[in-house]
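This report is meant for a reader meeting the structure for the first time. Please look it over, then follow the sections below.

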Amino acid sequence: MIEVEDLVKTFKQKDGSRLFAVDELSFTVQAGEIVVLLGVNGAGKTTTMRMLSTVLQPDSGQATIMGYNIKKEPQKVRANLGFLSGDTGLYGRLTARETLTYFGKLYDVPAEKIQNRIEELSDILDMNGFLDKKIDLLSTGMKQKVSIARSIIHDPPVMIFDEPTIGLDILTAKNIISFIHRCRQQNKCVLFSTHIMREAERIADKIVMIHEGKILAKGTWEEFKHQTGLHDLDDIFIKFVDMQKQERELTNEL
Amino acid sequence: MNFKKIIAIYKKELLDLLRDRRTVVSSIVIPIILYPLIMIGFSSMMSRQEMKMEQKEVTIYVQDNLQDEKSEKVLGEFEQIENLQLMQPVQNSQLQTYLDLLQEDSIQAVVTINDSINSAGYEVLQLKIYYNNAEENSSEAYSRLKQTLPEIEKQLVASRLQKLQVDTEVLDAINTESENVAPPTKMFGFILGRILPYLLILMTISSGSVVASDLVAGEKERGTLETILVSAADRMDIVIGKFLTIITFSIITVLLNLMSMFISIRYILIQMTTEVTAVSLPIGNFVLILVIMIPLVTLFSAILLSLSTYSRNIKEAQSYQMPILFTAIILSMISFLPGFKLNYGFALIPIVNFALLFQGILTGSFHLGYFLTVIGSTLVLDVIAVKISLNLFNNEKVLFRTAPEESYKFWGKKNRQNIFTTRIAIILYFAIFLALIYLGGKWQTQEFISGMIKTQLLLILLPVLVILRISKQDTKKALQIKASKPLNYLVVLLGFIPILIVVISVTQLINYLFPIPESYLKNLSEIISMKDQSLWLNLGVIALLPAICEEVLFRGYFLRVFSQKGFWKGIVIVALMFGAFHMSPYRILPTGLLGVWLAYLALKGKSLHLPILAHFLNNGVTVIIDRFGEQIPFLSKLGNDNIPLWWALPALVILYFIYKFMENYNTENVRL
């Protein structure tokens with residue numbers, strides 16, 4: 001389970017001012033639930049997820065993964081977390097099997113269990129044909145499969161996927177979506193980010209819309225429809241962005 | 001720390017590197033193949049060249065002005081030399097004609113034969129050999145002729161003795177036989193001791209740098225670093241795993257390089273000499289050196305790892321490696337310099353300590369105390385460097401600094417307003433530094449006084465005035481040329497002797513720790529002494545002028561720039577710049593200390609007057625010592641850098657009270 005409370009992250013900019021990349025973000029993801037972080041590029045999705053993966057330190061606020069605090073017990077957090085993003089590349093000179101074995105060791109999976117897990121994952125993800133090929137020789141879709149297998153080699157209770165379908169063809173993307181559905185069936189807790197509204201619509205139990213580091217709206221797809229009276233998720237998103245803008249102008253006038 | 005994970009990381013990195021064709025070729029294949037190829041090619045070329053020289057036909061001309069029995073004998077001997085032709089005389093030609101031919105290398109030597117009578121009344125053959133040293137063939141002809149001369153002389157003397165009815169055995173008075181008793185290993189060690197430390201250090205750092213840049217900066221570039229950062233491995237495990245990888249790879253590469261090189265050298269030596277014992281390698285020492293090499297490798301690996309972690313990509317990592325490589329090369333060259341021996345002081349300086357330690361071992365001297373000091377100090381540095389890497393690994397700003405650097409803007413609009421930036425200061429510092437080396441040094445060796453004046457005015461003062469002018473600054477205001485509070489001037493007068501004593505004490509301490517070979521010291525004192533000039537001229541050129549010019553540059557401009565970083569930080573940075581400015585490693589610390597004092601006066605007293613006065617007093621006293629030192633006992637002690645160390649104690653106490661006073665006296669001013 002993921003619990004995020006008032007998370008703030010700022011970056012220093014060239015002119016010396018501070019950019020609020022993530023501004024008082026709060027949400028939770030329960031076991032057996034898929035939550036989608038929805039926002040345009042630069043909304044703060046990746047920064048949020050990087051803080052949850054403990055590679056970035058929040059300025060304030062806190063978050064826990066399976067009850068472990070991201071600031072105080074980063075290693076336990078990472079041990080319970082499967083993390084996949086566009087920035088988690090693979091070692092091109094290793095084969096898929098070597099990669100999975102390597103990360104299995106880093107996640108403290110016992111040696112004999114690693115082999116079983118590799119067999120299991122390569123059946124699910126259909127990787128048997130290229131398990132012993134070097135990553136450099138694989139296609140983008142194949143690489144993405146290996147990446148997914150890499151992120152869940154230790155069978156973590158919590159998974160974070162940062163735009164995993166970006167740049168993939170329809171078939172591979174569909175494969176990944178169905179894999180994520182399977183994870184929900186196994187009662188895992190999944191946080192998924194995307195800027196594609198249709199994808200969010202198809203996969204999410206709950207949507208967290210963020211814009212310029214702030215939360216626009218939280219809720220289910222049905223709730224949003226009800227709230228705005230609109231039917232298309234694109235329209236709903238734009239409506240929320242406008243509302244935020246108006247609100248800000250209002251506070252500025254005051 | 002988790003050993004299992006460290007080993008997993010270590011194994012994976014090695015596997016990854018061994019699969020990288022570029023790394024393998026550049027660090028394993030090339031040394032194995034290249035050295036033998038170069039060496040063998042080189043030696044076969046050399047021996048072929050020698051053979052060719054021996055077989056070369058040379059022609060000489062002999063002008064026989066005697067035409068008697070003796071000169072016939074000489075000609076006979078010359079004719080017997082292999083591949084040597086005697087030229088037939090050309091009709092109506094003078095000696096000059098043949099010399100011209102020699103000049104053009106048409107013939108290779110000209111010999112004239114005359115005779116004279118020596119003081120005892122004997123006839124002496126006068127052979128004069130003309131040859132052209134600029135031509136290889138002519139030198140060859142000359143050496144062939146010279147080789148036959150003793151034989152000819154022996155024959156002539158023998159016939160002369162026969163006439164006197166004396167046995168020719170009478171000539172054998174001395175029978176010389178020489179044998180080199182230096183054990184071959186020691187000889188070889190002596191040569192190796194000079195070159196090998198340098199080579200080892202060079203190889204170690206260059207082999208490590210290939211791998212190091214790939215290990216972290218390369219991962220950033222390929223986007224795999226975040227993958228390992230989000231895994232359950234501890235940062236410490238990652239750092240140690242990578243650290244061990246660099247160490248292993250460096251050791252393997254250095255070993256391969258050395259082995260390949262030694263085999264090649266041995267091959268050549270065997271080709272050149274017949275004595276096989278002369279080329280036996282000092283294997284025992286060799287093993288010892290390899291063992292000692294390990295701490296050196298760890299140090300370089302740790303430094304290279306930090307650099308790689310800090311860099312955005314491989315290219316950037318490689319450009320950061322360059323200064324390290326250069327520094328290492330220059331420091332390791334100490335093994336080429338005669339007169340430097342390892343002691344406890346040098347044992348603390350990285351790289352220099354290894355160069356001298358290796359040299360010591362190869363020439364057969366080993367001192368356990370020094371050895372332990374070298375190893376100990378290196379281990380401390382290792383821990384520090386690994387710690388730095390670890391901190392960098394925990395620093396998100398460094399880890400995610402993958403965006404390309406902003407383009408370099410020097411003449412940008414923003415900078416034109418503010419000239420007190422670190423970037424401009426650093427550029428100015430190095431520009432002046434280079435100008436000093438190339439122009440100042442030349443001017444001062446041509447004529448010291450005028451050179452000194454030109455250096456100070458044109459190279460040190462002028463640049464500051466020019467950039468202040470360009471940016472339309474009020475010079476006096478910008479440099480804080482204004483009166484300070486009255487008692488501050490008194491402080492300068494009171495403080496200058498104690499600070500001088502402290503500076504001299506530090507100089508003495510450094511000289512004790514790092515003894516300077518006598519020859520260097522002699523050169524130094526010759527430059528400084530200038531007793532033949534008038535006292536006032538000396539005071540003006542050595543004391544007053546640098547006091548003004550150097551203070552304007554250092555405590556005026558540089559201190560203003562760097563004190564933006566903080567009071568003491570600014571003082572220390574400018575003091576180090578000031579110390580390094582005097583271009584002698586021995587003077588960095590003492591001059592730097594003086595710099596601290598000068599900068600403190602400037603910042604606390606808020607006036608450039610104070611450091612100018614203090615600088616003048618300090619330099620002035622050296623002029624006075626140089627002039628009158630021998631007459632006044634106190635001064636002579638200061639002048640010879642020969643004061644009792646306990647003097648520093650009261651000096652420090654006085655300085656402490658001065659510091660207390662300055663703090664109080666100058667803060668009150670602010671409160672009012």
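## Pairing in the sheet of chain B

Strand β1 (residues 58–64) of chain B runs parallel to β2(B), to which three bridges join it; two strands pair if DSSP finds at least two bridges between them, and strands (E, at least two residues) and helices (H or I, at least four) are DSSP runs, numbered from the N terminus. In β2(B), B:Leu86 stands opposite B:Ile60.

This is a predicted model, in which local features need pLDDT of at least 70 and side-chain atom pairs count only at pLDDT 80 or more, while totals for chains, interfaces and linings use all residues. Residues are numbered from 1 along each chain as its sequence is written, and chains are lettered from A, and ligands numbered from 1, in the order in which they are written.

## Helices on the sheet

Helix α3 (residues 69–80) of chain B lies across β1, β2, β3 (109–117) and β4 of chain B, and runs at about 180 degrees to β1(B); axes are lines fitted to C-alpha atoms, for helices over the stretch in contact, with angles from 0 to 180 degrees between N-to-C directions. Helix α5 (residues 136–163) of chain B also packs on the sheet, where it touches β1, β2, β3 and β4 of chain B, and its direction makes about 160 degrees with that of β4(B).

## Where the chains meet

The contact takes 21 residues from chain A and 20 residues from chain B, two residues being in contact if their C-beta atoms, placed from the backbone, lie within 7 Å. On the side of chain A that touches chain B, α2 (74–79) and α3 (96–106) of chain A each supply at least two residues, and α3(A) gives the most, with four residues.
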